[in-house]
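Biologist: I have the sequence and the structure open. Can you walk me through this one?

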Amino acid sequence: MNKSVNTKTITLTGVLLAICIVFQLFKGISPFISGPVVNAVIIIATAAVGLWSGTAIALISPIVAYFLGATPILQVIPLMIPVIMAGNWIMAGATELYKKNNEDLRGIATLVVGAVLKAAFLWFMVSFIMLPTFGKNIPTPQQIAMKTMFSTVQLITALIGIVIALLLWKRIGQFIEQ
């Protein structure tokens, strides 16, 4: 790999990470603003630059969310950071598989399955491991809200992120791949 390729891939990853960080600030307004963008950025980074780029963003974004105070559960249970990292990585992994099948519906189905697996994984971890182990003092209504946030909301925002990524990729993919 030559120096210009390294510079291009690092620059693209940096720009996409910056977009992700900026949209983390909107998490307090609505997860339906930040969540789809974070998922779309992970998908575009993986599709445009490679799995390492999507993985970097998947791992860095929950840390940034923690320091911004953007995700309340992270303030209560900081050990959720690696759980969210793993959920984000599921989207990056699904995108890597998508790249191999992107010429037909199998590719889109791979992304949708990735979204479902991400939401199921996060729901399972929150419902059966994180809250029972670390959230015993959290009132029941907040626990229910957290379970919803890390299941239904995650699924919806991941699916919206897929749509955004696919629409953007049709417009910008040719410029990034040059």
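Biologist: How much accessible surface does the chain have, and what share belongs to carbon and sulfur atoms?
Modeller: The accessible surface comes to about 9,200 Å², and 72% of that belongs to carbon and sulfur atoms. Accessible areas come from the Shrake-Rupley method with a 1.4 Å probe, and for residues only the protein chains shown count as cover.

Biologist: Where do these numbers come from?
Modeller: The model is predicted: local features need pLDDT of at least 70, side-chain atom pairs count only at pLDDT 80 or more, and totals for chains, interfaces and linings use all residues. Residues are numbered from 1 along each chain as its sequence is written, and side-chain values use heavy atoms, with hydrogens and water left out.

Biologist: What share of the residues is buried?
Modeller: Buried residues make up 44% of the 178. Buried means under 20% relative accessible area, exposed over 50%, and partly exposed in between (1.4 Å probe, protein chains only).

Biologist: Which residues form the nonpolar patch on the surface?
Modeller: Ile-21, Val-22, Leu-25, Phe-26, Ile-29, Ile-33 and Leu-68, with about 590 Å² of accessible area together. Patches are made of residues with over 30% relative accessible area and no salt bridge; like charges are joined within 9 Å, nonpolar side chains (Val, Leu, Ile, Met, Phe, Trp, Tyr) within 5 Å. Leu-68 is in helix H3, residues 51-68, and is partly exposed at 39%.

Biologist: New topic. How many salt bridges does the structure hold?
Modeller: One. Glu-96 pairs with Lys-99, the closest N and O atoms being 3.3 Å apart. The criterion is a side-chain nitrogen of Lys or Arg within 4 Å of a carboxyl oxygen of Asp or Glu. Both residues lie in helix H5 (residues 80-100), three residues apart, about one turn of the helix.

Biologist: Which residues is Thr-46 in contact with, leaving aside neighbours within four places in sequence?
Modeller: Leu-51, Gly-54, Ala-92, Thr-95, Glu-96 and Lys-99, where contact means heavy atoms within 4.5 Å. Thr-46 is in helix H2, residues 31-48, and counts as buried because its relative accessibility is 0%.

Biologist: And the aromatics, how many pairs?
Modeller: Three. Tyr-66 and Phe-67 have ring centres 5.2 Å apart and planes at 75°, so that pair is edge-to-face. Rings of Phe, Tyr and Trp (its six-membered ring) pair if their centres lie within 6.5 Å; planes under 30 degrees apart count as stacked, over 60 as edge-to-face and the rest as tilted. Trp-123 and Phe-128 are also an edge-to-face pair, at 5.3 Å centre to centre and 90° between the planes.

Biologist: Which residues form the aromatic cluster?
Modeller: Trp-123, Phe-124 and Phe-128.

Conventions: Helix = DSSP H or I, 4+ residues; strand = E, 2+ residues; numbered from the N terminus.
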